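These are my notebook entries on one structure. I kept them in the order in which I looked things up.

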Amino acid sequence: MTISPGVQEKLSRLGIRTEWDLILHLPIRYEDETHLFPIGDASAGQTVQVEGVIIHNEVVVRPRRQLVCQVEDKSGILVVRYLNFYASQIKTYAIGKRVRLLGEIRHGYQGMEMIHPKCRIVSVSEPLADTMTPVYSTTAGLSQKTLIKLIGQALHNAEQTNVLTETVPDTIVKRYQLASFKTSVFNLHHPSPEVSIGSLQTRTHPAWRRIKFDELLAQQLSMRLHYRQRRSRGAPVLARKHEYAARFLEQLAFKLTPAQVRVSEEISRDLAAPYPMQRLLQGDVGSGKTVVAALAALQAIENGFQAVLMAPTEILAEQHFRKLYAWFEPLGVRIAWLSGSQKKKQKQITLEEISTGVAQLVVGTHALFQDSVIFQQLGLAIIDEQHRFGVHQRLALRMKGARSDQLPHQLMMSATPIPRTLSMSYFADLDVSMIDQMLPGRSPVMTKLVADSRRDEVIMRIRHACMQGKQVYWVCPLIEESEVLQLQTAEATHANLTEVFPDLTVGLVHGRLSPQEKSEVMDSFKQGIVQLLVATTVIEVGVDVPNASLMVIENAERMGLSQLHQLRGRVGRGSEASICILLFQQPLSEVARKRLRIIFEQSDGFEIARQDLQLRGPGEFLGARQSGVPMLRFADLEQDSDLLTAAQATANEMLDHYPQLAQRHIDRWLGDKNEYLRA
Ligand code: ADP
Ligand code: MG
């Protein structure tokens, strides 16, 4: 098939490079041009095709310049408006011309109307389409007509060379009553006349279900294959001696919850196996993931291996370091700290401790990726807030410990709960452990939505809380467009609140402070010297100050759900009943209103995540993962969860019993997109 370079370039913008891509470029919707609708019967909201003669045609200038025509058939008259039009169109749509229009009917000033319908001049008794007309997603300069032609050719070629054969074994096709692949592809591009437009539009038609199943299956196969390949590599066997662990647990001020015990067991079992662990530890904010990580690290250490814990921000990394230092020092475990801002000399010492194996646990930030960091013997890499790191970064850390025949174990932690359907699909290459239980003594946080106009009441509340010895966070608005502006806002807020509360100590923490300045501020907040802490969203992750029981979030309507949930999780960590006040600015957009309602009504991170997924799709949850995993174009995780379950079971069965078909299926669906690295 010869395609001009210009068209090729436009196709590649749609992600179409091969004939297969064309075949799988399925319609985004359909238009019903198979019959004509009497104008008189049409009601608002319907999308219909009508035909009639133009009986009136004028350019009006009010309320804005537009071309207005009237089209009449036997049953009535329809007004047609063009807000943007070419001068030539005035002639084309001359009185007396017969037109066929397709569009949505609306109520207008002068009765029913269509705005910018699809319009064609026709002759009397011009034949109607006998199948639904597919509409493809396209890009500027590439017409539907061209796409239809190219896809038609690709289908024709595929037919000739007989490549649309089944990749799914017969038994499975029967078990799930799937339509044949080939029939499905043809049916979706050229629906037969008897297919109802409803099931095509809602994508519930058997042809759609088959395509969605295949798509989900390709994703499962690819991810499970990676999972299996990784498992075929060796890893250090970190036996469960439980010596350090026993002493560690003894000195802890609290008892582990059953959920913590359970996930620790799962991790411990993995570490003792001769292939690399690849586990995602999920738990809502404040569910106690750090202790679990500490136990895992101890298991590596008591087997003579090193462990590393990496966190995405300096504040969080340092907090981990201090906590772990206090926990591990009594055990005689040597723990080192590495960050980008360290003095050269200090860093040199740390690097040496890491390379000689003196440092048994290393805690740090991105600085850990640097080439100069060489471990003597890395057994376990732990990554906190994993979604903040890219695939390549995680891989880089893992490679630090790689030997020809071995990879270190990897534990990823995430406080952004991932809905079940998402972890079944996009996270299918990982094992997942879940802490599904809150810690004892955490008090529920009451959430209040307050319009910004009532700021004064909030100020009173803060004064009252501080007088009772409580501590308060004031979170400044997120200004995505400009970090400078965000900083200015934080500084202005700090100055303002200092003035409003002359008798309180008001602190300020933001991303531009040096790490040392940051930790000084956080320290004085922790010790209660600072009562009111003005902060940018840098405190979103991991910060733990139990005495803080009131949080104010400004411009909450700008923030995403998971971010709000994370921020809110910073309070309610002590015994005090805690309050989170979400200040919002009116007017609220539709989405912002929905988000605020969800965060107001829900406190369970998983439920929030589930609703967030519905609101925004999977992109936000995946973070950097997005570039690494096969994305879904057709299947909808919520609507098609039955197909997801079927695809999951099928993938394992095919990898076990039909490896060649499995490979063909992956090639068909993912082609070169399957060549990604997986950390
Ligand atoms: P997250 O899951 O958000 O990372 P952390 O590990 O920071 O949570 O734990 C939050 C706080 O709860 C910490 O101060 C931690 O020491 C404490 N904690 C952890 N497990 C328990 C437990 N079983 N009982 C009481 N407190 C606990
Ligand atoms: Mg944490």
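Entry 1, the ligand shell. I asked which helix gives the most residues to the shell around ligand 1. Helix α11, residues 289-301, does, with 3 residues. I took helices (H or I, at least four residues) and strands (E, at least two) as DSSP runs, numbered from the N terminus. The model is predicted, so I noted the limits: local features need pLDDT of at least 70, side-chain atom pairs count only at pLDDT 80 or more, and totals for chains, interfaces and linings use all residues. Residues are numbered from 1 along each chain as its sequence is written, chains are lettered from A and ligands numbered from 1 in the order in which they are written, and side-chain values use heavy atoms, with hydrogens and water left out.

I then listed the residues around ligand 1, and there are 18. K255, G286, K289, T290 and D544 come nearest. I counted a residue as near if one of its heavy atoms lies within 4 Å of the molecule. By class, the shell divides into 6 nonpolar, 6 polar and 6 charged residues. For these classes, Ala, Val, Leu, Ile, Met, Phe, Trp, Tyr, Cys and Pro count as nonpolar, Asp, Glu, Lys and Arg as charged, and the others, Gly among them, as polar.

A polar backbone atom of K255 is 2.8 Å from a nitrogen atom of ligand 1. An oxygen atom of ligand 1 lies 3.0 Å from a backbone N or O atom of G288. The side chain of K323 places an N or O atom 3.1 Å from an oxygen atom of ligand 1. Taken alone, ligand 1 exposes 570 Å², and the protein buries 84% of that. These areas come from the Shrake-Rupley method with a 1.4 Å probe; for residues, only the protein chains shown count as cover.

Where does ligand 1 sit? I found ligand 1 in the largest pocket. A pocket here is an open set of points, on a 1 Å grid over the protein atoms alone, where a 1.4 Å probe fits, with protein on both sides within 12 Å along at least five of seven lines. A molecule sits in a pocket if more than half of its atoms lie within 2 Å of its grid points.

I recorded 24 helices and 22 strands. The C-alpha trace spans about 95 × 65 × 45 Å along its principal axes. Of the 679 residues, 53% are buried. Buried means under 20% relative accessible area, exposed over 50%, and partly exposed in between (1.4 Å probe, protein chains only).

Most residues other than glycine have a negative phi, and most peptide bonds are trans. I therefore noted the exceptions below, with that general rule in mind.

- Q177 has a positive phi of about 50° and is not a glycine. Q177 lies in the loop between α5 (170-175) and α6 (181-189).
- N555, also not a glycine, has a positive phi near 45°. The loop between β21 (548-553) and α19 (561-568) holds N555.
- The peptide bond from Q586 to P587 is cis, with omega near -5°. P587 is in the loop between β22 (578-584) and α20 (590-601).

Is Q177 buried or exposed? Q177 counts as exposed because its relative accessibility is 72%. N555 counts as buried because its relative accessible area is 9%.

I placed D636 in the loop between α22 (619-622) and α23 (641-657). D636 is partly exposed because its relative accessibility is 37%. A polar atom of the D636 side chain lies 3.1 Å from the backbone nitrogen of E638. D636 and L216 are 420 residues apart in sequence, yet their C-alpha atoms are 9.7 Å apart.

V358 is in the loop between α13 (344-356) and β13 (361-364), and its relative accessible area of 43% makes V358 partly exposed.

Conventions. A polar contact is a pair of N or O atoms within 3.5 Å; within protein, one must be able to donate a hydrogen and the other to accept it, and residues adjacent in sequence count only if both atoms are side-chain atoms. On a 1 Å grid over the protein atoms alone, a cavity is a set of points where a 1.4 Å probe fits but cannot get out, and a pocket is an open set with protein on both sides within 12 Å along at least five of seven lines; lining residues have an atom within 4 Å of a point.
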